[in-house]
Amino acid sequence: MNLDKSSSNQYQQPSALRVCLDQVKPFIVSFSLDSKGSRILQNSIVLAEQSTREIVFQQLFPYSQHLMKNQFANFVLQEFFNYDPLQSLVIEIIGSDIYYTRYSLIEMNAMQNQSSTTEVTKPAPSPKMNWSKVDYMKYRDESFVLRLACLMKDRMIDLSFDKHSCRVVQRSLELLPFDVSTQLIQELQPCIILAVNDHNANHVIQKIVRTQPPNSFLFLLEALADIHVVKEILTNQFSCRVVQHIIDNSPVTMSGTLIRTLINQSNDLVTSSYGNYIMQKIILSSYPNASRDILVALSGRIAELCLHKYSSNVIEKICEYGTDADRRSIINEFMRFQGGSQVMKQHPIVSLLLDTYANYVVQKVLICCGVELRESLCRIIINNAQILSSSMHWRHIITSLNKVAGSISDQHLRQQVLNLVSSNARYLRGTTFPTGNSDTDSRLSPRDFFTQ
């Protein structure tokens, strides 16, 4: 059957559509269970009037518990949510600037004051319905999602762990008033860790964290803060995603205990293929002195961790978003580094620059650090240029030098850097770099590149 609406006038006019639905009314449930029939119903719901949608919904409602778990019928039920009275109400109220935020007024003022005095800014919370200003119960008999929520009650665990019904649950959480959704969320408390680690239920938990007020899932924060649970997180990609969303969407006053527990386990998390993303989220969060606390936890191993594929990303993130004191402490550990070099007479920084992963960390420090530390690193690179030039990472080092050359205050050192960059201009094809005049830059012509 051709599903293209433009190919038939039957699906273009609402009047014709109503006749079509009347004809298939006894078979609506069977249609929803079929691949093509499900698509026909979804298209019909889009074109139908609200009264016609109500007729279709009433036919499906008695079987909704089973339809939510069906691979085709669950999409039909989700389509009703796009035309739920609560959906239009949310749009109307958000449009009038009356909305709920995840943070209290005191916390929002504190965030605004912090963003005005520091360079770190946190994204504004997404708008959400202020249900305290709306009598939503008058829509109880009209709202599709409120009626389905009655069927979800006492069945949230079963629905959240199912491959198809978890999608319906997620869409419901976007629309349900908070007092209704909170009752459903509380049903997950007995198996919350299983849900966090589950292939399907973890998406429901992520939706809860992103759309619901933190007070409704405090039990989740308490469960994840357990040291034994943190060790499980290291090997599970789903729980790592949940923790990242918690760090992004929960105020520090509520997630602080969890973050402190994670920082205490930094040595294990930074080397984990999933856990390293959690540590990077913590560095980007508003948690006070996060970079410094992580460096303290990793003290004595920072240079070694830079040689690791995953932990090098965490150290690089600290170099980018930490303070200059953090970057200096990293360099101090680099200077004491004795491993990773085949020739022990090499400078420790040179050994790291020759490494596949650590060279990116050193480059990030070079770009982000203060002038004094930057000039020290430039001298080390210039003095060991012959060794470094044979490395496969030499072109990246030259690119980094090109970026910082204009900020070097020592004129003699700056000229040395410029000479080194110019002699390796073939690695900067199409790149603009300083020429010695701080006010003007020049671009090499194609002829210059091929005549090096």
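**Overall fold, a helix pair and the cysteines**

Of the contacts in the protein between residues at least 6 apart in sequence, 70% join residues at least 24 apart. The model described here is a predicted one. Its secondary structure comprises 31 helices and 4 strands. Buried residues account for 50% of the 452 residues in the protein.

One helix pair makes a handy place to look more closely. Two packed helices are described by the angle between their axes and the distance between the axes. For helix 23 (residues 311-321) and helix 24 (residues 324-335), the angle is about 140° and the axes lie 7 Å apart. Angles over 145 degrees would count as roughly antiparallel, so helix 23 and helix 24 are classed as oblique to each other. Helix 23 contributes Ile315, Ile318, Cys319 and Glu320 to the contact, while helix 24 contributes Asp326, Arg327 and Ile330. By residue class, this contact has 4 nonpolar and 3 charged members, with no polar ones.

Cys319, seen in that helix contact, also comes up in a survey of the cysteines. A disulfide is a covalent bond between the sulfur atoms of two cysteines. The structure holds 0 disulfides. For Cys368, which is in no disulfide, the nearest cysteine sulfur is that of Cys319, 7.3 Å away; Cys368 is partly exposed, at a relative accessible area of 23%. Cys369 is likewise in no disulfide, and its nearest cysteine sulfur, belonging to Cys368, is 7.9 Å away. With a relative accessible area of 5%, Cys369 is buried.

Notes:
Residues numbered from 1 in each chain as written. Predicted model: local features only at pLDDT ≥ 70, side-chain atom pairs only at ≥ 80, totals over all residues. Heavy atoms only, no water. Axes fitted to C-alpha atoms, helices over the stretch in contact; angles between N-to-C directions. Helix = DSSP H or I, 4+ residues; strand = E, 2+ residues; numbered from the N terminus. Parallel < 35°, antiparallel > 145°, perpendicular 65-115°, else oblique. Contact = heavy atoms within 4.5 Å. Nonpolar A, V, L, I, M, F, W, Y, C, P; charged D, E, K, R; others polar. Disulfide = S-S within 2.5 Å. Buried < 20%, exposed > 50% of the residue type's maximum accessible area, 1.4 Å probe, protein only.
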